[in-house]
Structures are given as structure tokens and as C-alpha cells.
Amino acid sequence: EFRRVLFRSIGHLLAWTPDGKQLVVADRGADGKGGLVLLDLQSGERQPLSTPGAGEFDVEPSLSSNGRLMLFNRIRAQTLSDVFVQELDAQFRPTGAARKLPPAGTWNGTPRLLEGRDEVLLCAGSAPRLSLWRQPVDGTGKPESLGIIGDHAVQTANDPARGRIVFRTLRYDFDVLRF
């Protein structure tokens, strides 16, 4: 069962629970919907964590250090996505409905919690031109650009202990050839 879940996995990035016993993975279920599931590494049991609509896929999960908050990216179309926040209980099960954060562009992805600041770091803009943004995790404020830092950023990771951010960039190179 464990191998089958990973084989059917969509999107990228996994998230460990703080106890290291479970993973949050993107999974396309038998119904064809692409939601996030909590995968118990001992038993292989899968527990649904998100409920995307028809034609939507949830990917890029990220958990807070205590496991009580999950961030993820909900893809609505090839270049349209939103960041959602889902509160979790002590067993990492959803409590209430997931909350959509205000968008910073047509594509909003790779959300990471900046816990000391109660903010979310994300890559957003119009695909493929994305940059780094931050916004309050409670959704009360507008996204704020980090400016030139993170131009063409598509994925992030943060080091909460040292306050560092690392990101991967994606640029398309085009050549004009004359014959």
C-alpha cells in the first residue's frame, strides 16, 4: 500500500509530521481528485487532509513546527493557483475548512511558514515570471513583494533557527539563430 501511494503521488514536495511518523503527500485518489493525504509510515494508512474541487489539485504541503498548521498550493489550471491554510488537531487531522490567502498573482505556490513572524513566504506572480512575497498567515493583510530578492523564484525553503531563506529559480533561455 505504501509504495502504491507514492507511485500515484502528484505534484512535488512532501512534509514530515513533527514526530517523524507520518508524511503529508499529494495523492490522486481512486476518484481522480488530487488532494493531500496523511500517510502513516508504519501501517500505510492514508487519511485525507484536503478536499479540492473537480479539476483541482493540492500540492506542496508544508507543516508548522508543532504540526498544527498546514500550508499548501491548490492548482486550479496550468497557470492558476492559490495558497491555503488548514488548521490541524494534535493528531494532524483537519479542524474546520481550509482558508484561502489573498493572492499575490495568478500563480501562488510553495508556501512556507515564517513562524517567528506569523507570515507566509510564497512564490507568486504570473507564471513563469514569479518572485518572492510574504503575507500574514491569518490572511488579514495584502501580500508584500520582497522586491528584487527572489526574482524568478519557483521553490523555497527557510531555516527558522537562523532566519535564512533559500530559493530555486527558473529561467527560460531562448536563442535566436540566423541561417
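Predicted model: local features only at pLDDT ≥ 70, side-chain atom pairs only at ≥ 80, totals over all residues.
Trainee: Why is phenylalanine 84 counted as buried?

Mentor: Phenylalanine 84 has 10% relative accessibility, and because buried means under 20%, phenylalanine 84 counts as buried.

Trainee: What makes phenylalanine 72 count as buried?

Mentor: The relative accessibility of phenylalanine 72 is 1%, and since the cut-off is under 20%, phenylalanine 72 counts as buried.

Trainee: How many aromatic pairs does the rule give?

Mentor: Rings pair if their centres lie within 6.5 Å, and the count by this rule comes to 1 aromatic pair.

Trainee: Why is the pair of phenylalanine 72 and phenylalanine 84 called stacked?

Mentor: Their ring centres are 5.6 Å apart and their planes stand at 10 degrees; planes under 30 degrees apart count as stacked, so the pair is stacked.

Trainee: Why is this pair said to tie together parts that are 12 residues apart in sequence?

Mentor: Phenylalanine 72 belongs to strand 6 (residues 69–77), whereas phenylalanine 84 belongs to strand 7 (residues 80–87), so the pair links parts 12 residues apart in sequence.

Trainee: Which residue lies over the face of phenylalanine 84?

Mentor: That residue is arginine 74, at 4.5 Å from the ring centre, where the cut-off for a charge over a ring is within 6 Å.

Trainee: Which residues have the most contacts inside the largest nonpolar core?

Mentor: This core has 13 residues, and those with the most contacts inside it include Phe72, Met70 and Leu36. Strand 2 (22–28), strand 3 (34–40), strand 5 (57–63) and strand 6 each give two or more residues to this core.

Terms used
Residues numbered from 1 in each chain as written. Heavy atoms only, no water. Phe/Tyr/Trp six-rings, centres within 6.5 Å; stacked < 30°, edge-to-face > 60°. Helix = DSSP H or I, 4+ residues; strand = E, 2+ residues; numbered from the N terminus. Buried < 20%, exposed > 50% of the residue type's maximum accessible area, 1.4 Å probe, protein only. Lys NZ or Arg CZ within 6 Å of the ring centre and 35° of its normal. Core = buried A, V, L, I, M, F, W, Y, C linked by side-chain atoms within 4.5 Å.
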